Each structure stands twice: as structure tokens, then as C-alpha cells.
Amino acid sequence: MKMFDLTGKVALVTGGTHGIGMAIAKALAAAGAKICVNDIFEDRLVACKKVYADDGIEVFTVVFDVTNVEDVNKGIGIIEAEVGPIDILVNNAGIIKRVPILDMPVEDFRQVIDIDLVAPFIVSKRVVPSMISRGGGKIINMCSMMSIYGRNSVSAYASAKGGLKLLTANMCCEWAKHNIQANGIGPGYIATSQTEAIRVNGHPFNNLVMTRTPAARWGDPEDLAGAAVFLASAASNYVNGHLLFVDGGILANFGYVAGENELIS
Ligand code: NAP
Ligand code: GCO
């Protein structure tokens, strides 16, 4: 199992103060990596240190806005100086705005694109030269089912995540020769603050997820841990430009999941 060992590696998880980012960071730490997390708010970083420490994980935190080039350059510089060059980059930070196109102000559309698509470009562009000089690295872009599907009210998010799927493919094409593997993870519906609004019992969306997902449950952030360790480790050295869905089977299911005892003949 040495191929999954991340001992001696430095990982940066953007937006790793809670949710999916934190679960992935904890998994990478359990595999031996030294963890750096960023957030846009200092207080979130202070608070998350304690949560990680409760699991025996000492994280290095750095505050920067992933959409701001100067901020990113400074933040990555601090990590490189204080911890070391980054071997594993998880572009996890992201937001969603659920607003129909005709009602969505262009500034809101731009903000989602900036954080969910432009930021992975900015952060990767800053981190990759060091990976190249050191003979390789791993990039994991947090994509989505909305990288391949639309649905009403998430035009900005789907446009960003669709773009991120193809940005990941282009990273593969440009950087594979440097032994850099860039892949995406496509979570299904995961119980985090991003989905809080659509997860309440009785909400039509909650019913949809529960009936459409063969696993018949929302995913937990920890469900993504194995995929993250795989894509961060030598186990995936010949996997590149790939989008790995971790979705409880929902994408394999065209429609309704019949109950065990339903007449389905
Ligand atoms: P979350 O709980 O809202 O976490 C998002 C993280 O990104 C937060 O830590 C947030 O910090 C940070 N962030 C937002 N804007 C930032 C910026 N400009 N600079 C730095 N950090 C920023 O969401 P999540 O559910 O864990 O999602 C994590 C990733 O997975 C996102 O890319 C999301 O699109 C993707 N995803 C989620 C699901 C799902 O069902 N939950 C499914 C597929 C994909 P603050 O909280 O301080 O703003
Ligand atoms: C939504 C959900 C989805 C999930 C995820 C699915 O409003 O449809 O928030 O976007 O978060 O991206 O993969």
C-alpha cells in the first residue's frame, strides 16, 4: 500500500476550513501529508485549527482570496517559505448561487466564475512552476455533477464547473510531460453548508436526492476521502485529466429508484 503513502508531501487545500475541503485535508493528513489550508476569513482559519487539532492534525493556515493574484502569490510564498514547496494542490474553494439566469445580476455570475473557475487557474499557475522544477506534482480540482449536467437556477455554477472539467483536461495536456497529474473529483450531493438550503426534510430537492440516488442518502464529506488520497498519491500516476465521480450512483441512474418490494415487472 506504499503507493498511497503521502509521507513527506506538502498539500494545500483551498477553502479547507470546513466541509469537503476539511474532510479531504484530514484524509491526506492520515496518509502522511503535511496540510496547509487557506480561507478568505482569518477567524475561520483560527477556528479550524482547533478542529484539526482535535484529530491530532497540525495544519498550517494562510489567509488569502483565491481570486486575487497578488493575494495568492503572497499566500503561496508564505507556504513555500514556512512549510515547503507544494506537492499536492486541491482546488476546493467554491461557491454556488442558485438564481435563474434572467434574475441573476451579471456581478453574481462573474463572482461564481471567478471563485469556481478562474481561481483554480490562478492558484495552479502559481504552484505549478515549483512542481515542474521538482519533477512533478498532483492537482485535484473540485468539480461537480454540474460539470456535465445543467439544471435550472445554477447557470453560473454549472458554467464554472463545466469549465473546470476542461481546464483540468488542459492542465493534463500541458503538464503531463512534467509528471504532473491533474484530475477532478465530481461529488454527488454532499451534506455541507453549500447544500444546507436544499437539504431540509420535505424540501422537493431533498426528496429528489433521496429517490434518485441509489445509495438513498446524501453523501458525507468523508465519502470523498478515498478518491482524494488516490488522486493525490502515486497510485494515480497514470491517471490524468480524469473526472472521478463520487456520487452514490446517482449519475448511473436514469430515473426513480424503485423500492425493494415495489411491483416493477
Ligand atoms: P462550503 O462548505 O461552502 O466550503 C467552501 C469553502 O470555500 C469554504 O471554506 C469557503 O470559505 C471557501 N471559499 C469561498 N470563497 C473563497 C475565496 N474567494 N477564497 C478562499 N476561500 C474561499 O462548500 P463544500 O460543499 O465543502 O464545497 C467544497 C467544494 O466542493 C466547492 O468547490 C463545491 O462547489 C464543491 N462541490 C460541493 C458539492 C456538495 O454537494 N456540497 C458537490 C459537488 C461539488 P468561507 O466559508 O470562509 O467563505
Ligand atoms: C445544487 C447542488 C449541486 C451540488 C453539486 C452536485 O444546487 O444542485 O448544490 O450543485 O452541490 O455541485 O455535484
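Helices here are DSSP runs of H or I, at least four residues, numbered from the N terminus. This is a predicted model, where local features need pLDDT of at least 70, side-chain atom pairs count only at 80 or more, and totals for chains, interfaces and linings use all residues. Residues are numbered from 1 along each chain as its sequence is written, chains are lettered from A and ligands numbered from 1 in the order in which they are written, and side-chain values use heavy atoms, leaving out hydrogens and water.

## Inside α1

## α1 against α7

α1 and α7 (residues 225-232) pack at about 55°, with axes 9 Å apart; the axes are lines fitted to C-alpha atoms over the stretch in contact, and angles run from 0 to 180 degrees between N-to-C directions. The two are therefore oblique to each other, meaning neither under 35 degrees (roughly parallel), over 145 (roughly antiparallel) nor 65 to 115 (roughly perpendicular).

On the α1 side, Ile24, Ala27 and Leu28 make the contact (heavy atoms within 4.5 Å), and on the α7 side Ala225, Ala228, Val229 and Ala232 do.

## α4 against α5

α4 (residues 106-133) and α5 (residues 155-175) pack at about 15°, with their axes 7 Å apart. That makes α4 roughly parallel to α5.
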